[in-house]
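Morning, everyone. Please bring up the sequence and the model side by side. I'll take this one region at a time.

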Amino acid sequence: MSNPGECIAVIMAAGTGSRMTDLTHQCPKPLLPMGRFPMIWYPIRSLEKAGFSDIIIITRQGWHDQIQNALSVDGIPVRARLEYIEIQDSDEGGTADSLRLIADKVKTNVLVVTSDLISDCDFSELMAVHRKHGSSVTALLSQLPTTLTADTPVPGFKSKQRNMAAEKISIGFDANNMEHILYWKAQIDMEDELIAFSKKFLDRFPCSRIQSAWTDCHVYMINKFVVKYLQEKRELNTIQGELIPLVVRKQMSTYITDSPKDDADMNSPNGDGKLKKDLIDFAVKFDNELISWGKNLSLTSNTFGQSKDAPQKDLIKCYAYRQTSGFCVRANNIAAYFEACKQMPRLITKFVTTKKSDELPNMPESTSIKPKSQAGIVGADCMLGECVTIGEKVSIKKSVIGKHCKIGDKVKITNSVIMGHVNIQESSNITNCIIADSANIGDKCELIGCIVGQNQSISTMSKYTNEVLSNTSQMMEVPLE
């Protein structure tokens with residue numbers, strides 16, 4: 001393994017995509033098309049750019065072969081060596097449960113990345129923040145693009161997107177170091193507007209700033225001792241909802257050598273007499289002795305001059321890398337997926353290394369256009385997949401078209417995402433829609449703000465507005481974990 005600092009990179013790719021409705025009914029969420037590549041390819045590429053040559057993918061047993069085959073196809077550039085770890089298809093465990101599966105592989109740190117992250121963020125900058133502060137956990141935070149606010153209309157919904165607060169975290173930062181996280185709670189879990197802090201907290205951090213404009217991107221650099229603690233704390237199921245808040249709270253812990261334990265600490269639930277271990281105990285156990293002595297001898301350390309037996313603070317630290325420019329979104333719902341797809345014509349050069357700008361045209365050479373078609377029928381803000389056939393007098397604006405699609409004469413496509421093998425027949429008008437794989441749209445149809453499911457056929461001259469057109473019609477709004 002030649003990963004930076006012996007760090008392990010893990011992509012969580014077992015989420016079922018319950019917020020993606022019919023789009024994931026027959027396709028695993030990590031394989032949803034995004035531009036010319038499957039969704040999971042983008043976090044793989046981000047990790048490769050950060051120097052990772054070995055990447056672990058945790059996915060469901062039934063998806064393993066599909067993902068492996070999709071990433072092995074010619075034209076999908078993957079340089080890293082990929083290792084797959086399976087969970088049962090029926091497993092309903094969370095991200096913390098998945099992280100336990102690779103706990104024994106972690107030597108220093110693990111970088112956990114969700115498979116639905118589309119970002120031009122440089123992960124090496126997050127890793128630098130983690131190393132600079134000797135952090136226990138470092139999270140990637142970003143502000144949602146303005147196009148994904150509550151006022152953005154979403155295909156398939158008869159009203160505008162709601163419950164965006166479920167995506168937001170109220171985060172408290174040390175006013176003297178805005179990378180230092182002091183408070184962490186999902187807004188959806190906050191019962192009122194009042195936030196209480198203990199006197200002990202205020203004595204240590206008298207000035208903090210609570211902000212709610214940040215979105216947790218589900219990218220975490222986690223120290224080995226936190227993973228070892230997680231191995232024993234089987235009751236923790238999720239990273240964002242349970243592990244991160246716990247680590248943030250435990251920053252107030254102080255380790256006192258050979259301190260007496262009360263009766264509650266001396267007895268395990270099974271009455272076996274073993275000491276209960278807290279996170280601070282794991283921090284001390286896995287703290288490198290040389291580093292510990294170095295802290296005590298460093299003039300810049302707050303423990304300068306102390307003996308190794310003195311009470312120890314700041315053994316647990318939680319920091320953030322805050323992305324303030326570029327593009328970063330989790331494509332874990334219809335709105336985010338829709339916007340990320342439409343941004344691909346602009347973003348793709350940030351992921352694919354090219355020597356010349358014309359090596360990634362919006363129309364591949366395999367595109368077939370009828371001779372009588374006018375020039376400029378495909379806008380510069382569009383992207384077409386391989387082997388797309390386009391009829392006469394067609395207009396395609398601000399849209400992404402998948403491979404092997406057939407676009408009939410006089411078709412107009414605006415602000416839409418069309419997946420692979422879709423047939424849109426003559427004189428149809430498609431606006432603000434998502435059309436899934438192998439759908440067939442009849443002549444003279446008018447679809448506005450719709451989601452068309454996989455393998456669906458829309459009858460000639462049909463008109464629909466803000467509808468989900470599928471056999472399952474399982475459109476749901478599901479809160480985050």
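We have twelve helices and 31 strands in this chain. Keep in mind that this is a predicted model. The chain runs to 481 residues, and 50% of them count as buried. Now look at contacts between residues at least 6 apart in sequence. Of those, 58% join residues at least 24 apart.

Start with the strands. Find β8, residues 137-142, and β13, residues 318-323. How do β8 and β13 pair, and over how many bridges? In the parallel sense, over six bridges. For a landmark, take L141. The bridge partner of L141 in β13 is R322. β13 itself is mostly covered, with five of its six residues buried.

Next, a pair that runs the other way. β9 covers residues 169-174 and β10 covers residues 177-186. β9 and β10 pair in the antiparallel sense, again through six bridges.

Now move towards the end of the chain. There is an open sheet of six strands, with parallel pairing. Read the order with me: β16-β19-β22-β25-β28-β31. Which strands stand at the edges? They are β16, residues 383-384, and β31, residues 468-469. Each has a single partner strand, so one side of each is left without a neighbour in the sheet. Inside that order, look at β25, residues 434-435, and β28, residues 451-452. Two bridges join them, and they run parallel. I435 stands opposite V452 in β28.

On to the helices. I picked two. α7 spans residues 239-249. Is α7 largely enclosed or left open? Eight of its eleven residues are buried, so the rest of the structure largely encloses it. The buried ones are I239, Q240, L243, I244, P245, L246, V247 and V248. At the start of α7, check T238. A side-chain oxygen of T238 comes to within 3.3 Å of the backbone nitrogen of G241.

α11 is mostly covered, and the count is nine of nine residues buried. That list includes two charged residues, E339 and K342. It also includes Y337 and F338. The start of α11 has its own side-chain contact. There, a side-chain oxygen of N333 reaches to within 3.2 Å of the backbone nitrogen of A335.

Two loop residues next. T24 sits in the loop between β1, residues 8-13, and β2, residues 33-34. Is T24 buried or exposed? Its relative accessible area is 14%, under the 20% cut-off, so T24 is buried. Leaving aside residues up to four places away in sequence, T24 touches T16, G17, K29 and L32. With G17 there is a polar pair. A polar atom of the T24 side chain lies 3.1 Å from the backbone oxygen of G17.

The other one is N362. Look in the loop between α12, residues 344-347, and β15, residues 368-369. N362 has 23% relative accessibility, so it counts as partly exposed. Again leaving aside residues up to four places away, N362 touches R36, V378, G379, A380, C382, M383 and L384. The N362 side chain reaches the backbone oxygen of G379 at 2.9 Å. One more distance here. N362 and V400 are 38 residues apart along the chain, and their C-alpha atoms are separated by 9.3 Å.

Last stop, the largest pocket. What is its volume? About 900 Å³. The lining has 35 residues. Nearest the centre are R36, F37, P38, I76 and K403. R36 has come up already, among the residues that N362 touches. β2 and β3, the latter at residues 37-38, each supply at least two residues of the lining. By class, the lining has 17 nonpolar, twelve polar and six charged residues.

That is the tour. Questions, please.

Conventions. Residues are numbered from 1 along each chain as its sequence is written. This is a predicted model: local features need pLDDT of at least 70, side-chain atom pairs count only at pLDDT 80 or more; totals for chains, interfaces and linings use all residues. Side-chain values use heavy atoms; hydrogens and water are left out. Buried means under 20% relative accessible area, exposed over 50%, partly exposed in between (1.4 Å probe, protein chains only). Helices (H or I, at least four residues) and strands (E, at least two) are DSSP runs, numbered from the N terminus. Two strands pair if DSSP finds at least two bridges between them. A polar contact is a pair of N or O atoms within 3.5 Å; within protein, one must be able to donate a hydrogen and the other to accept it, and residues adjacent in sequence count only if both atoms are side-chain atoms. Contact means heavy atoms within 4.5 Å. On a 1 Å grid over the protein atoms alone, a cavity is a set of points where a 1.4 Å probe fits but cannot get out, and a pocket is an open set with protein on both sides within 12 Å along at least five of seven lines; lining residues have an atom within 4 Å of a point. Grid points are joined across faces, edges and corners, and a volume is the space filled by probe spheres set on the points.
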